[in-house]
Amino acid sequence: MLSAFVRAFRTPDLRRKLLFTIGIMVVFRIGSFLPTPGVSYPNVQVCIDQSQSNSLLGLVNLFSGGALLQLSVFALGIMPYITASIIIQLLRVVIPKFEALHKEGQSGTAKLTQYTRYLTIGLAVLQSTTVIITARNGQLFQGCTVDVIPDGGIVTTLIMIVTMTAGTGLIMWLGELITERGVGNGMSLLIFTSIAASFPGAMWSIAGGSGGIGAFLVVMAIIVLVIALVVFVEQSQRRIPVQYAKRMVGRRTYGGSSTYIPIKINMAGVIPVIFASSLLQVPALLAGFGDQTADWKQWVAVNVADPGAPLHIAIYVVLIIFFCYFYTAITFNPDEVADNMKRYGGFIPGIRAGRPTAEYLDYVITRITAPGSIYLALVALIPTIAFIVLGVGTNIPFGGSSILIVVGVGLETVKQIQSQLEQRHYEGFLR
């Protein structure tokens, strides 16, 4: 891997792409520390030190690289775009027009991307308003004695909403620039940057905590083991062989080749973990408003909002398994794959083309998703349970979603760099 990076920087055009990507990441991190107009930055720092742990907005704060609690220009991070993309994907099942646009190819995909951008801006307006109201009511920094937004006027609030929304639009543009002119998927790399930026501070807090260097070494060992598990499973796939029949077109013969359909064990990626985490935050968010002495609110805070509660863990596992099957069913359509194979003369050896092929693919997907969903739940829970046992806290950025994203994006980016190197250096194939 190191030799690949060295060769990449020796290649002029690839070096320009890598430096451009790194430059965009630096700009993204700078925007995460610029305070929004109307926010008292010194008071924010005081509140971060004084406030109690609040995991209601932990996922958004993780994906923003800590910018949410800073109330910076990039406070919302990439979450509005992620939410909008997921909503557009889900609407393909409900709205036939979206499914038709998806099948049109590049023009249809461009139209869906445009809808995603519009929806991102709308969600950014709603989320920025929620964050500002939450910060003003004291729910963002529980236990803080100073006011992070001294001026609560309408004009100041509107300026803050516009600034945070514009920051989300700028992040979306920066991600698209990386995709077009840099290396890798821009949005994924920005998420990777946000999560990786939180690692040094979290590790420093563990080393300086009550557990000391011993807890630090144990946590590092757990992280390495989980990363190894993620790499092994994410690279695993079931290859279904496909044979294409020979066709005569004029005097030429086409087809007759053999290939395969790669089916990953975890086809849904990190989406089920994000869905499950978001749904588990809804009851806690509702219980955070109004009178906190109500019995049901205290029950929710103890049994649902607490990441270490047994009920929270059980619901978390069930939601991850459910959304793993649900999202896999949306993204992989066996009928569509079987129709495309039949159209181009492809068939699975021993399986008839058409409906039997679709049933076979559905059978394979159902069986392979079972261990994939269990693996996803284990990866999401192993760090949390281990950190609870060690007593180092549950809000450090080493949960299942963060590890899956960091490892997945890292593997995909390295693959893209390697593929671009193979287009320019042929000695590896000629030796």
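Arg92 and Glu99 are both buried, where buried means under 20% relative accessible area, exposed means over 50%, and partly exposed is in between (1.4 Å probe, protein chains only). Their side chains meet in a salt bridge, with N to O at 3.4 Å. A salt bridge here is a side-chain nitrogen of Lys or Arg within 4 Å of a carboxyl oxygen of Asp or Glu. Side chains of opposite charge can pair when their charged atoms come close. By this rule the count is five salt bridges.

Before going on, a word on where this comes from. This is a predicted model, in which local features need pLDDT of at least 70 and side-chain atom pairs count only at pLDDT 80 or more, while totals for chains, interfaces and linings use all residues. Residues are numbered from 1 along each chain as its sequence is written, and side-chain values use heavy atoms, with hydrogens and water left out.

Now look at Glu234 and Lys264, whose side chains also form a salt bridge, at 3.5 Å from N to O. This pair ties together distant parts of the chain: Glu234 sits in helix α11 (residues 212-235) and Lys264 in strand β4 (residues 258-264), 30 residues apart. Helices (H or I, at least four residues) and strands (E, at least two) are DSSP runs, numbered from the N terminus. The Glu234 end is buried, at 14% relative accessible area, while Lys264 is partly exposed, at 34%.

Arg355 makes a salt bridge with Glu359, and the closest N and O atoms are 3.6 Å apart.

Finally, leave the charges for something nonpolar. Phe9, Leu19, Ile22, Val26, Ile30 and Leu34 form a nonpolar patch on the surface, with about 530 Å² of accessible area together. Patches are built from residues with over 30% relative accessible area and no salt bridge, joining like charges within 9 Å and nonpolar side chains (Val, Leu, Ile, Met, Phe, Trp, Tyr) within 5 Å. The areas come from the Shrake-Rupley method with a 1.4 Å probe, and for residues only the protein chains shown count as cover. Helix α2 (residues 12-31) gives the most to this patch, with four residues. Leu19 lies in helix α2 and is partly exposed, with a relative accessible area of 48%.
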